[in-house]
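This briefing presents selected features of one structure for study alongside its sequence. Please keep both in view while reading.

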Amino acid sequence: MRLPIRLLVPVVLVAGPLLTGCGGSEPRPEAVPGAPAPTAKPSDATPSEAATPAVPAAAASLGGPGTACPLPVSFSLAKDWKPKAVELPEDPDLADLARQGPAVMRCEIDAKPAGHIGFLRVWTVEKGSAQPSARAALEAFVKGDESSSAVSYRESGAGGLPVVEATYTVRSELFDEDKEERAFAVATPRGVVVVDLGGSDTEEHRAMLPAYELARTSLKLG
């Protein structure tokens, strides 16, 4: 069984190795009589309870000619998120590390310079004789991670384009816990584009949602 790409170190990719991390446990404060109950951390909420994050100002654009990753779509990047194009190795076994379901990774946008451990990744499903819909491509992409579960799909508009979005969990074998991920897909004349957001854990993932929302809401055809 092929391991999920998030658990492998793709040293052959231009984007560089994927990073993982975990935070230590915080001590619980002692209860004080008459004091209000402590507020739950973001990671304590279910996906449906997570508040919609505020969208930050755009600091750069990605996808158009002359950008780090020419793509069938373009969208805005948050400050200090650094994109790099992904080049597939000639070795088929190594190239398989940059594939998930029918999608091939084309760009990796690193959040470390912005203070987070995670990536936005852009994948494409090449247009063929039986081009799948955005929904079908996204479903196949999510199923391509064999540890994915608890999937919720919804349709939304982004930049005037019809977008299908998924919130789901994947199993981290490294930390023996489930973590939340999110992805959206859009059909273009050049095939379906999938953008997904990972993270070292659910709390880190949700801290990066503003940058994900900026990409989704600024989406345009390239």
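**Aromatic pairs**

The count of aromatic pairs in this predicted model comes to two. The points below describe these pairs, then the nonpolar cores and an open sheet.

- Trp 123 and Phe 141 form an edge-to-face pair, with 5.1 Å from centre to centre and 65° between the planes.
- This pair links distant parts of the chain, since Trp 123 belongs to strand S6 and Phe 141 to helix H2 (residues 134–143), 18 residues apart.
- Trp 123 counts as buried, at 0% relative accessibility, and Phe 141 is buried with a relative accessible area of 0%.
- The ring centres of Phe 184 and Tyr 212 are 5.6 Å apart and the planes stand at 65°, so this pair is edge-to-face.
- Phe 184 lies in strand S9 and Tyr 212 in helix H4, 28 residues apart, so that distant parts of the chain are linked.
- Both Phe 184 and Tyr 212 are buried.

**Nonpolar cores**

- The largest nonpolar core has 28 residues; among those with the most contacts inside it are Phe 75, Trp 81 and Leu 219.
- Elements that each supply at least two residues of this core include strand S2 (73–77), strand S5 (103–110) and helix H4 (209–217).
- H4 provides the largest share of this core, five residues.
- Another core, of 19 residues, lies apart from it and includes Ala 134, Ala 137, Val 142 and Val 164.

**Open sheet**

- Three strands form an open sheet in the order S1-S2-S11, with antiparallel pairing.
- Strand S1 (60–62) and strand S11 (220–221) each have a single partner strand, so one side of each is left without a neighbour in the sheet.
- Two bridges join S2 to S11, and Val 73 has Leu 221 in S11 as its bridge partner.

How values were computed: Residues numbered from 1 in each chain as written. Predicted model: local features only at pLDDT ≥ 70, side-chain atom pairs only at ≥ 80, totals over all residues. Heavy atoms only, no water. Core = buried A, V, L, I, M, F, W, Y, C linked by side-chain atoms within 4.5 Å. Buried < 20%, exposed > 50% of the residue type's maximum accessible area, 1.4 Å probe, protein only. Helix = DSSP H or I, 4+ residues; strand = E, 2+ residues; numbered from the N terminus. Pairing = 2+ DSSP bridges. Phe/Tyr/Trp six-rings, centres within 6.5 Å; stacked < 30°, edge-to-face > 60°.
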